[in-house]
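Me: I am new to this structure. Can you walk me through how to read it?

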Amino acid sequence: MSATPVHPDPTRPEIGATFFSVWDVGTPERQRATVDAIAATWADRPWPTRGLLSYSVYAGTDGRSLLHHSQWTGEEAYDAFVRDHRRERNGEIDAAVPGIERLRLVRARRYRSLPEKRDGRRPEPGCVVVVDVEFEGPDEARQRAWVDTVAEAIEADSGDGTLPPGGISAHFHLSTDGTRVVNYAEWESERAHIDALESPGEGVGSPSPLWRRVRNFPGMVRSDVARYRLLFSTARPGEPAEGPETAEGPRSAESAARAAG
């Protein structure tokens with residue numbers, strides 16, 4: 001492996017739309033094979049559109065899922081990519097790894113991030129935790145209110161808005177259909193997140209009225225938590241790598257593809 005894939009920065013100002021997609025590929029071996037096939041589709045093609053800022057793929061610690069995380073200048077750039085490029089790429093991936101189940105795709109925009117302020121460059125995450133919250137119907141005010149309640153609960157726990165030990169950042173995205181919140185959270189390690197869940201109280205956060213409101217928020221249907229590790233990332237050519245202390249400068253699709261192989 002010639003390089004290490006770099007986690008994208010969810011806060012970069014050019015982002016107008018963020019997409020999260022989950023695939024079920026069945027086994028750890030098929031996770032690796034699918035990511036290799038994905039990397040191959042990026043290694044031998046020019047960058048598809050200036051509207052795509054970054055694309056990253058993560059393997060779920062469940063040994064079967066893959067998370068696709070892409071950053072775009074706007075939804076119209078994504079729709080054009082789907083029209084002109086996605087079918088051919090997916091055909092190559094499916095030929096290499098037949099039987100992939102594509103579970104869901106969430107179109108979203110970032111609403112807010114915690115902590116509110118950064119002190120210098122963020123450390124490179126060792127684990128990404130995705131919290132996917134679904135509500136009973138579209139309501140953007142409810143999406144925002146739930147996120148604001150989480151932020152208030154975290155601030156009440158720490159006194160200054162810092163995350164639990166091992167937590168680097170939490171980036172809350174509202175689905176454009178008004179029904180979901182996706183928290184893309186960066187952690188130092190999988191172990192740090194597990195320790196936070198197992199801390200005294202009801203998971204992350206104290207058993208306070210604010211956390212009880214978060215967990216029993218009016219209209220909330222379900223909340224799923226999944227842990228992932230980054231296997232492949234690529235950014236628009238000519239763009240600097242984003243933020244982490246281990247960033248090595250500009251990364252092309254070809255160099256990122258080699259990193260995944």
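**Reading the fold, step by step**

Reply: Start with helix 2. Its buried residues pack against strand 1 (17-24), helix 1 (28-43), strand 3 (65-72) and strand 4 (101-114). Contact means heavy atoms within 4.5 Å. Helices (H or I, at least four residues) and strands (E, at least two) are DSSP runs, numbered from the N terminus. This is a predicted model, in which local features need pLDDT of at least 70, side-chain atom pairs count only at pLDDT 80 or more, and totals for chains, interfaces and linings use all residues. Residues are numbered from 1 along each chain as its sequence is written, and side-chain values use heavy atoms, with hydrogens and water left out.

Me: How many helices and strands does the protein chain have, and in what order do they run?

Reply: The protein chain holds six helices and eight strands. From the N terminus on, the order is β-α-β-β-α-β-β-α-β-β-α-α-β-α.

Me: How do the strands come together, and in which order?

Reply: The general idea comes first. Strands of a sheet pair through backbone hydrogen bonds, either parallel or antiparallel. Two strands count as paired if DSSP finds at least two bridges between them. Here eight strands close into a barrel, with antiparallel pairing, in the order 1-3-2-8-5-7-6-4. On average, neighbouring strands of this sheet are turned by 35° against each other, direction ignored. Axes are lines fitted to C-alpha atoms, for helices over the stretch in contact, and angles run from 0 to 180 degrees between N-to-C directions.

Me: Is strand 5 mostly covered or uncovered?

Reply: Strand 5 is mostly covered, with eight of its nine residues buried. Buried means under 20% relative accessible area, exposed over 50%, and partly exposed in between (1.4 Å probe, protein chains only). Across the 261 residues of the protein chain, 51% count as buried.

Me: Why does Arg215 count as partly exposed?

Reply: Arg215 counts as partly exposed because its relative accessibility is 26%. Arg215 sits in helix 5 (residues 209-215). From C-alpha to C-alpha, Arg215 and Val150 are 9.4 Å apart in space, yet 65 residues apart in sequence.

Me: Where is the kink in helix 2?

Reply: Helix 2 (residues 75-96) has a kink of about 55°, centred on His85. The bend at a residue is the angle between axes fitted to the seven residues ending there and the seven starting there. Among the buried residues of helix 2 are Tyr78, Phe81 and Ile93.

Me: What does helix 1 meet in helix 2?

Reply: Thr34, Ala37, Ile38, Thr41 and Trp42 of helix 1 touch Arg89, Glu92, Ile93 and Ala96 of helix 2. The two helix axes come within 9 Å and cross at roughly 145°.

Me: Which peptide bond is cis?

Reply: Most residues other than glycine have a negative phi, and most peptide bonds are trans. The bond from Leu114 to Pro115 is cis, with omega near -5°. Pro115 lies in the loop between strand 4 and strand 5.
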